[in-house]
Amino acid sequence: TMAATTEDEDDLSFTLRVASMFTILVFGCAGVSSPLLLARLAKMSSTHIVFVVGKAIGAGVVMATGFVHVLPAAGEVLQQALPDMEYPLVGALSLGAVVLVLSVEQTVGHLFAALQEHNATKMGHDSSRLLINTLGATDSMTIKRGHQSHHFNRSDSARSFIVAHVLELGIAMHSVIIGMALGASTDADEVQALMIALTFHQFFEGMALGVSVSEAKLSWLRQLVMVVIFSSTTPIGIGIGLGLSCIGEADSRQSLLTQGILDSISGGILIYMALVDMVSEDFNRPILAKNRWLRYILLLSLGIGGAGMALLAVWA
């Protein structure tokens, strides 16, 4: 009877884990798509109050994900993989990720701007528009002619382009890891709690990413690719976790070490993106100096996003 009960428990756990792949896929897709559809169908610009508030909420979500979900999980996993290690590896890896992302943003941003200006000068306005279309940022560049030169507005183009892609990288890495944790779990009650928590987790994280992707004004094809990548990362992680649990490798030292390292890097990326590319940019808008109520609304929105995601840490 005990064996039968255990077998039923395992079957229920397996069924829930498979079901969670589809549930999280749908909700993740809905979360990341909603800001994009709103921008496309309602013709809202990135400076509209809905997007400004949405981005503040998203910044809180991303920040809490890094501080409350990712880094503590990385510390626990690395402690299991390296029980005798006293060095704060999580902090060191996160710091390295922050420096790396800053370097990439600065380098790619300058190269992107230099390439654009070079092509605009050499081939004229039409050829520069072709380059913009090739990169998928059709409306995000402002080119001005004067004295035989063209000036490129990086703050509205290259920066948004880089932010959207780096943010997706950080979220995708984290999503695979949390998916693996759910897929590797064999306790039905734990799987059910994780499934509910991660469904909301991916929905709100998707909304944060969707606002950033919308600001980058990418082509619809590139937006579709980013939606598919984000939506599928957690289900892919669940599938990997299921496979590892079936072959008994989910708790191996190598698997735990890989998860801990990736989570540490992901945490650094998410915290950097939230503070530097989302919070700092939003709260330095010139309009906030004249409109204190909007500033209070953004602060409240940031707090709501952070508190909501932090609360989810009770279950996942």
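Author: Let's begin with exposure: a residue is buried under 20% relative accessible area, exposed over 50%, and partly exposed in between (1.4 Å probe, protein chains only). Phe204 has 36% relative accessibility, so Phe204 counts as partly exposed. Please keep in mind that this is a predicted model, where local features need pLDDT of at least 70, side-chain atom pairs count only at pLDDT 80 or more, and totals for chains, interfaces and linings use all residues. Residues are numbered from 1 along each chain as its sequence is written, and side-chain values use heavy atoms, with hydrogens and water left out.

Reader: How many helices and strands are there, and what makes a stretch count as one?

Author: The protein has ten helices and two strands. Both are DSSP runs numbered from the N terminus: helices are H or I with at least four residues, strands are E with at least two. Along the sequence the pattern reads α-α-α-α-β-β-α-α-α-α-α-α. Of the 316 residues, 47% are buried.

Reader: Why is helix 5 called largely enclosed?

Author: Because 21 of its 27 residues are buried, helix 5 is largely enclosed by the rest of the structure.

Reader: What makes Phe203 and Phe204 an aromatic pair, and which kind are they?

Author: Rings of Phe, Tyr and Trp (its six-membered ring) pair if their centres lie within 6.5 Å; planes under 30 degrees apart are stacked, over 60 edge-to-face, and the rest tilted. A search of the whole structure finds two such pairs. Phe203 and Phe204 lie 5.5 Å apart, centre to centre, with 75° between the planes, so they are an edge-to-face pair. The other pair is Trp293 and Tyr296, with 5.7 Å between centres and 85° between planes, again edge-to-face.

Reader: Where do Trp293 and Tyr296 lie?

Author: Both are in helix 10 (residues 292–312), three residues apart, about one turn of the helix. Trp293 is exposed at 57% relative accessible area, while Tyr296 is partly exposed at 41%.

Reader: How do you know that the charged end of Arg295 sits over the ring of Tyr296?

Author: A charge sits over a ring if NZ of Lys or CZ of Arg is within 6 Å of the ring centre and within 35 degrees of the ring normal. For Arg295, the distance from the centre of the Tyr296 ring is 5.8 Å.

Reader: Why is the contact between Glu215 and Lys55 called a salt bridge?

Author: The term needs a side-chain nitrogen of Lys or Arg within 4 Å of a carboxyl oxygen of Asp or Glu. The side chains of Glu215 and Lys55 meet at 2.9 Å, N to O, so they form a salt bridge. Glu215 lies in helix 6 and Lys55 in helix 2 (residues 49–81), so the pair ties together parts that are 160 residues apart in sequence. One salt bridge is found in a search of the whole structure.

Reader: Are Glu215 and Lys55 buried or exposed?

Author: Glu215 is buried at 12% relative accessibility, and Lys55 is buried at 3%.
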